[in-house]
Amino acid sequence: MRSYSLAAALVALPFITPPSFTRATSELHQRDGDMTIAVTNHYGAPVQLSFGVNAGFPGFRGDPQPTTLDKDATNTYAVPSGWAGRINVGKVDHPDNSKIEGSFYGAGKGDIDVSYVDGYSVPITCSAGGKVLSGCNIELMDRECNAPDHVSAWGPDGKPALCSNGMRGSDWGPPSAFFAPCAGAAYTFPKDDMANVGMITETQISCCIGTSCDPSPRQHKRDLRPNAPSLMPRQHKLHRQFHGK
């Protein structure tokens, strides 16, 4: 996980204007054999997107930069074979935002999931072939973000914009009360592997932001008792890459 020392960074340094967010465009830079990830914003307000790529892996086509995705807008990103990375999504740009994660090694060897392991900012579900693969469309910010979790960012309206996940260091969970409604649908702790269906054959992925998006059939389907046996005791390789497990 990232760590920051803002106090040290600000000593004796001049003010630096932060990078501005551009409006999302539909330029794809797609090539034959790529996988595409279409991101649609039904959240009811603009959201911020930023992009990450695993070290040593090829990046998104066109090297997209942090951008604003307007209400009801869709932007589509193409990735080549060999890609592994993520799209951070939130009301403000923050490393603990909700994430779309994926990898792609050619047709029939793709993978996609929604992760709230770092934190939750907005509800997301991802689909392919008319079926929800991963994610949870519940607005968790309607709940109290209390210990072990904490609010780490506020939106332009002065309301909490992000709840950072206090269970990110607990491989097998259980999820905190804040994240529990989405356990098994989106990743809520590092080995919450019911949130991932494994390899998929589709190369056109659709991810939807908002409570009106199609829900995962796994929402509220998991035994949340702390000592309950795992319903799918497997460790997913892709999520180990993202979270160092």
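A residue counts as buried when its relative accessible area is under 20%, as exposed when that area is over 50%, and as partly exposed in between. Keep these cut-offs in mind as you look at this predicted model.

**Two residues with positive phi**

Let's begin with Asp72, whose relative accessibility is 48%, so Asp72 counts as partly exposed. You can find Asp72 in the loop between E4 and strand E5 (74–79). Its backbone is worth a look too: phi of Asp72 is positive, about 65°, although Asp72 is not a glycine.

Asp63 also has a positive phi, near 50°, and is a residue other than glycine. To locate Asp63, go to the loop between strand E3 (47–53) and strand E4 (67–69). Is Asp63 buried or exposed? Its relative accessibility is 56%, and because exposed means over 50%, Asp63 counts as exposed.

Now turn to the prolines.

| Residues joined | Peptide bond | Omega |
|---|---|---|
| Ala147 and Pro148 | cis | near 15° |
| Gly173 and Pro174 | cis | about 5° |

Where does Pro148 sit? Pro148 belongs to the loop between strand E11 (131–136) and strand E12 (150–154). Pro174, for its part, is in the loop that runs between strand E13 (160–164) and strand E14 (204–209).

E12 and E13 run antiparallel and are joined by 4 bridges. If you pick out His150, you will find that its bridge partner in E13 is Ser164.

**One more proline**

Finally, find Pro217, in the loop between E14 and helix H2 (237–243). With a relative accessibility of 53%, Pro217 counts as exposed. How far apart in space are Pro217 and Ala185? Their C-alpha atoms are 7.7 Å apart, while in sequence the two residues are 32 residues apart.

Definitions and conventions
Residues are numbered from 1 along each chain as its sequence is written. This is a predicted model: local features need pLDDT of at least 70, side-chain atom pairs count only at pLDDT 80 or more; totals for chains, interfaces and linings use all residues. Side-chain values use heavy atoms; hydrogens and water are left out. Buried means under 20% relative accessible area, exposed over 50%, partly exposed in between (1.4 Å probe, protein chains only). Two strands pair if DSSP finds at least two bridges between them.
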